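Open your viewer and get ready to click along. Each stop below says what to select and then what is there.

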Amino acid sequence: MSRTVGAPQQVQAPPTRPSRRKAASADQPGWRKWLLYAGIGVILIYCLAPFYWMVVSSLRRPSDVFQTNLLPQPPSLQNYKDAFAPANHFGRALFNSVFVAGTVTVLVLIIAILSAYALARLKFRGKNLALSFIIATSMFPGIAMVIPLFSLFTDIGWINSYQALILPAMSFALPLAVWILVAFFRQMPAELEQAAMIDGCTQGQAFRKVILPLAAPGVFTTAIIVFVAAWNEYIIALTMTNKFEYRTATVAVTFFTGATGRDIPFGSIMAAGVILTVPLLIMVLIFQRRIVAGLTAGGVKS
Amino acid sequence: MATIEAPPTTPPAQEAPKRSIEDQRRLAAGLLSPTVLVLALVIGYPIIAGIRQSLFSTSQEVDPSGFVIEGEQFVGLDNYTAVFSGEAGERFWNAFYNTTFFTVVCVAIEVVIGVAMALIMNKALRGKGLIRASILVPWAIPTVVSALLWRWIFDANGIANAIINQQILWSTDGWQAKAAVIIADTWKTAPFIGLLVLAGLQVIPNEVYEAAKIDGATAFQQFRAITLPLVRPALLVAVLFRILDNLRMFDLPYVLVGPGKPSVETISILAFLENNNTRFGPAAAYAVLLFLYVVLVAYAFVKLLGADVIGEAREKTPKPAKGQRGLRPIARGDTP
């Protein structure tokens, strides 16, 4: 990547695929190519088959749920109606999930951008220590946080409240965001800031007016990854709520009840699973290249 | 860049563009303080409160209306010594064994599958977008949903039994429940490892392979002598994070198989159930022990294998001179 100063498109998502591959395997013998295609096929089936089964199961009629053919015959949306049956409180749970995950994402990004900038750009003693420390906290076991906080929140009356879901979720979302953002900020050429500062900016202004706009794609990617993590959260929501009004969707879906009582209503559960997954999948598919860059940013490139 | 109209409060910019060390430090402290504050609240406080709580015993009395009678007593290390004796000890060690077993087996399988996936993806010419998109599908599915999905697949009348034409009660208990958890976990996270390894593979310059080919190296030799050492840093970080993630495994066995099943009870589940039963002291003790276990494993991993989590080595690697891109340790600051 050339470090052309002031060429914003250069600083977007880091390149994930060098073009040299094209030449690499063009001269492969035929059987190798077929082996490769077979391998790709296996990967696709491996990743997609279970998901496909969820979708198909959700589109059967509830009475056909144990069918094993590959297409629903006849297709039906009854499971989706059942998922939103009043007893399941799924609509409310979806709202809670959106609200909690959204708030966590916004709060975390505001805080993380500041810290990530400091860790990526400023020179000060103990920088690596601070970064290691923040990353280390992301590995803190959820249960070790949930148990003392449950006692605390019981004492101060926070059980069944949004803040009891949002605040603990920052424990994993914040380090994650800092980690990815540091990697993104490090990729941006330092000359940009220096140029801005020669033009009379303070470092803070250089950050606000030059770095931040250019880092927007990285920030956006981080937002998606943090949102996915917060959306998937389970143990906090399970511990801190016992009323449906505050349950998030991941918890609510485990409390689905069937018409007959003891049976697990797999049809409507699969439908709810599809509803919980599809918005994320759409985002992921649209921004897949960016997301891959973000996910690998901390681990591989920085 | 647009010229910047300095607001009146801003100090005039006559100082040199390189700010002094002192200024940078003050700015850094200011920028880091919100993060430190939040983490102190949601990580620091639980560590201290958890240790304290683990030294107390709450009265287990529940009054007729279902409320817990307050009665906290200092019991010293009793909650910990219980781990080494009696029924509670047996249950803890079973959970400890399960946690370790899941971690070792899952991560081992995931690394093998993940590396294989990455090697295939790296060779793929067409359909890269499709592969990448499908690899992100398991990642994007919430763990709870995937647990429910696999519970459905492994239902007694489900598709898994239909395919292998057996009547296995997967989600009841025993080895089959363990297998179900391992399969479900592997499905969700092996592609993720594949993704990280692929990113590591893609920064290996092709010339290295060509040189090896000229020297007569076989494909396997190339894999061992070039690919593996060069993706090692990326792989190590991925493996470390997968290990630490699996040590705290909760959602998957809890939802896929259910609470109170000894064959899949992890330390997290045990602590959660104890907390639910208002046995807060032991619950906190188990959580503290899990925390220490995680710290120990992470420390050993970083010290013994040198996993470079923060990319500090890469920072320090000097930028190579132009055109000189040989076999130096991967310095990923400079993507080609």
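The tour goes from whole chains to single residues.

**Before you click**

This is a predicted model, in which local features need pLDDT of at least 70 and side-chain atom pairs count only at pLDDT 80 or more, while totals for chains, interfaces and linings use all residues. Residues are numbered from 1 along each chain as its sequence is written, and chains are lettered from A and ligands numbered from 1 in the order in which they are written.

**Stop 1: chain A, coloured by confidence**

The mean for chain A is 83, and 87% of its residues reach 70 or more. Now select residues 1–25 of chain A: there the pLDDT is below 50, and the stretch has 39 contacts in the model beyond near neighbours in sequence. Two residues are in contact if their C-beta atoms, placed from the backbone, lie within 7 Å. Where pLDDT is low, the predicted coordinates should not be read in detail.

**Stop 2: chain B as a whole**

Select chain B and look for its 13 helices and two strands. Helices (H or I, at least four residues) and strands (E, at least two) are DSSP runs, numbered from the N terminus. Of the 336 residues of chain B, 40% count as buried. A residue is buried if 20 or more other C-beta atoms lie within 10 Å of its own, exposed if 12 or fewer, and partly exposed in between, with C-beta atoms placed from the backbone.

**Stop 3: where the chains meet**

Show both chains: 92 residues of chain B are in contact with 99 residues of chain A. On the chain B side, helix α1 (residues 21–54) gives the largest share, 17 residues. That side divides into 63 nonpolar, 18 polar and eleven charged residues. Here Ala, Val, Leu, Ile, Met, Phe, Trp, Tyr, Cys and Pro count as nonpolar, Asp, Glu, Lys and Arg as charged, and the others, Gly among them, as polar.

Next, pick α6(A) together with α1(B). They pack at an angle of about 80 degrees, with their axes 8 Å apart; axes are lines fitted to C-alpha atoms, for helices over the stretch in contact, and angles run from 0 to 180 degrees between N-to-C directions. The two helices are therefore roughly perpendicular, a term for angles of 65 to 115 degrees. Residues that meet here include A:Met145 and A:Leu149 in α6(A), and B:Ile43 and B:Pro46 in α1(B).

**Stop 4: an enclosed helix**

Is helix α5 of chain B enclosed or open? Select residues 143–153: eleven of the eleven are buried, so the helix is largely enclosed by the rest of the structure. Among them are B:Trp150, B:Arg151 and B:Trp152. The cover includes α2 (30–58), α11 (249–252) and α12 (266–286) of chain A, and α6 (159–164), α7 (175–202) and α10 (251–256) of chain B.

**Stop 5**

Most residues other than glycine have a negative phi, and most peptide bonds are trans. Zoom in on A:Gln73 and A:Pro74, which are joined by a cis peptide bond with omega about -10 degrees. A:Pro74 sits in the loop between α2 and α3 (78–83) of chain A.

Then select A:Asn160, whose phi is positive, near 60 degrees. A:Asn160 lies in the loop between α6 (142–155) and α7 (163–187) of chain A. Finish at B:Thr278, with phi also near 60 degrees, in the loop between α11 (267–276) and α12 (280–305) of chain B.

Notes. pLDDT is the predictor's confidence in each residue, from 0 to 100. Angles under 35 degrees count as roughly parallel, over 145 as roughly antiparallel, 65 to 115 as roughly perpendicular and the rest as oblique.
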